[in-house]
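Here's a quick briefing to read with the model open. Have a look at the structure, then work through the points below.

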Amino acid sequence: MMRIILRDGRVAEFREMRSDQRDRAVIRELFAHVSAESLYYRFFQAVGELSDAFIDRQLRNNDENNQTLLCMAGDHAVGMGSYSRVDEERAEVAFLVDDRMQGKGIGTMLLEHLAEIAWRHGFKRFDAHVLTGNYRMIEVFKSSGYELKSTQRSDEIHLTLPLAQTERSRAFRDTREKLATAASLAPFFRPQTVAVVGAARDPGCMAHIILRHILDGEFCGTVHSVDENAQAVDGMQPYRSVSDISGPIDLAVIAVCAQDARSVADDCIRAGVRAVVVTSGGFSERDWEGVQSEQAITLRLRAAGSRLIGPNCMGLVNTAPDVQLNASLATRMPRRGNVAIASQSGALGITILEHASRIGLGVSSFASMGNKADVSGNDLLQYWEDDPDTGMILLYLESFGNPRKFSRIARRITQKKPIVAVKSARTVTGATVSEARLKALPTSDAMVDGLFRRTGIIRVDTLQELFDVAALLSIGSPPMGRRVAILTNTAGGAVMTVDALLQEGLSLVRSPLDVGFEALAGDYRRGLSELLGDPHVDAVIVIFISTGMSAGEEVSRAIAETLREMDADTQESAREAGKGRRIPTPGTGRAKPVVANFMSTGDDSVWFVEAGEWRVAVYPFPEQAVRALAKVMDYAEYCRAPRGHTPDLENVDCDLARTLARHAMLPGTDLLPGDVVVAILEAVGIRADSRRSLVTEKPILRIVAAVEWDPLFGMVIGLRRERNRSASEMADAHPVSDADAICTTPLTDRDCKDMVNSVLREDPAVLRSSAAADLEELLQRLSRLVEEVYEISGVVLSDIEVSESGYWIHHRVMAAGTRQ
């Protein structure tokens, strides 16, 4: 069974058809809800009575030649799709969808899933025959993103679809999934009616607390109290069950003991609730019995088309003025802002939420994911991607469910909205303590770090650093470079700041401007104006040690007034530009971040100096300010760099490579013969000739390139430089986990360049030579090979000699078989 989300946000499932009595009845029921016209378009003839013989012809066992998927809504089929082998490379595909469910994306998703299954079974193309009047089915194929070829004969269109995925088909699929996921989460974040289940009179119970927070937060919709004893709370009309409430319920918050949660979920299903939050604990985080109970609730809700946040979570929040929902354990409605927060830990999530408000960081929405039985971090990211109220996303994660999907989503979002993440459970001991341990697979921290770096996610190590970076991002002025100037009244503070700058890879563009320990606010104003006006400065750090009770306030006002004046000058220059007058030189003025370090004995939290539309983040220690600035500068560089893409490569014949691999696979071994390995590599354009006599110059270095299957991340490519190792040491080293650079496929050109730069950074001459470009192309071709030839489960290219004129592969090993 695989969960899918329909275009309207409802949840359904795909499963394989079975040739048994149960599916016989399921198919008959589906056909009963399909019009005569739809049956004609599917079977190219009028279908009269649905005889048993006709139904039997639709039933088939799934094997390598045939596959049928049913789209199930609970116990009812609402669509089916199938393919049948035509020859060794082709299969014919066809679909049928319940007339009541057409237009919800079922046909498109059936095509996507069948194409993936067929590709893994060795098929290269789908054929489809469609009548010219079947506009809806023609649109399904056109909107799929696959590169269609069509021919028409009389009133019939013959379509051919290559099954290998392309950037275009992935983009179409990702967009469809994003829109459907966002629609499915709308009832959580923008409900009109909410029911809180378990809200007894006891003010200490969780349901009562959440109900009270919803009321105190002045929720804009209608809230109902549900308790089996029908006890009234604050004069509200009590209900014994959700299904007793008249009218639709968008969101139900269940806060009852674990053993009662299943029956309450069933009651929500009867009431037609689309979104359910289960705050109760005692599920998969506790024991195997809890795992089973959690799965049962999830499957029940999924069969009904509903979605679930939790269980074992702390609720959710939306501060939008037209919603104002605080269905969480946060004691007060957070300050309104544009920061969305998702936390896998409930208690830490509430702490993060409340601390954000305490330091003046406004929140748009918050979700405690709990055990992630259904709604995951990937789902929340897709909801926030196009949410106009969200400009920044903060994540606390302990585990990954689908890193490949996470990577695709994050790449899109970080181009327009920053994501700051704390990924804990980095050590074996930490992962053991994590409540996610029962469900999570072991995760390489190096893989996580590489994933975050490639997708533009700002990774931080602590919650303090999370807020330090978020505070700086909230000022809205990304730096245009790494050149920093310092304004200070303490030489010691300047020294510490300079050391921190260099350690973080930033540049001190000029000597610190020291206004003296007895400086007045006016000195700071003049100094800040000078530094902001310097075209060689990208950011300014202001350091201040208080010399009196009121000095800090005076310096804060001086900073704010300086920024307001520069804003006014910038606006005036813009008006003058319209009159043909000179405007300031680019790179000068307020479009630069200003961060501050006020060293005092007060609060150690970051705070802000407000300056009209602008604000300055103030940190208690200089190292905090510098580290936050470095993280934001790294992110700004990521956004300015060209977006990576999967390049079109010449001399790539993946069809030939697949044929060679499938014909050479032998029982009892997963290693392919050496001559086949050479032929497969050459089929995708990788030079496999190892004759050293062709080379005259001495190799500069040796590297290893390898690809292996990871059950969590998929296919992973590693590139490692060999540093004076013996042959035995090279053989003992793991080709991927010990690599200097690792990346999941598919690789973009930017990924390949970053990997090669990591390995060759100690050899600038080679980095500038054609060998670097050759190595980048080698990685691109390896990525293409393992992405499009499913039979290959691993590749090791060892003892690759690299010189300024190219590379030569001396040893090649390739494994074929099941990726698991």
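Is Arg336 buried, partly exposed or exposed? Arg336 counts as partly exposed, because its relative accessibility is 36% (buried means under 20% relative accessible area, exposed over 50%, partly exposed in between, with a 1.4 Å probe and protein chains only).

A word on ground rules: this is a predicted model, where local features need pLDDT of at least 70, side-chain atom pairs count only at pLDDT 80 or more, and totals for chains, interfaces and linings use all residues. Residues are numbered from 1 along each chain as its sequence is written, and side-chain values use heavy atoms, leaving out hydrogens and water.

**Salt bridges**
- The count comes to 58 salt bridges (a side-chain nitrogen of Lys or Arg within 4 Å of a carboxyl oxygen of Asp or Glu).
- Arg336 pairs up with Asp389 in one of these, with the closest N and O atoms 3.3 Å apart.
- Glu787 and Arg170 meet in another at 3.4 Å, N to O, and both are buried.

**Nonpolar core**
- The largest nonpolar core has 58 residues (buried Ala, Val, Leu, Ile, Met, Phe, Trp, Tyr and Cys residues joined through side-chain atoms within 4.5 Å).
- Phe188, Ile214 and Leu325 are among those with the most contacts inside that core (contact means heavy atoms within 4.5 Å).
- A second, separate core has 49 residues, including Val339 and Leu629.

**Sheet**
- Six strands form an open sheet in the order β11-β10-β9-β12-β13-β14, with parallel pairing (strands are DSSP E runs of at least two residues, numbered from the N terminus, and two strands pair if DSSP finds at least two bridges between them).
- The edge strands are β11 (238-239) and β14 (307-309).

Conventions
Helix = DSSP H or I, 4+ residues; strand = E, 2+ residues; numbered from the N terminus.
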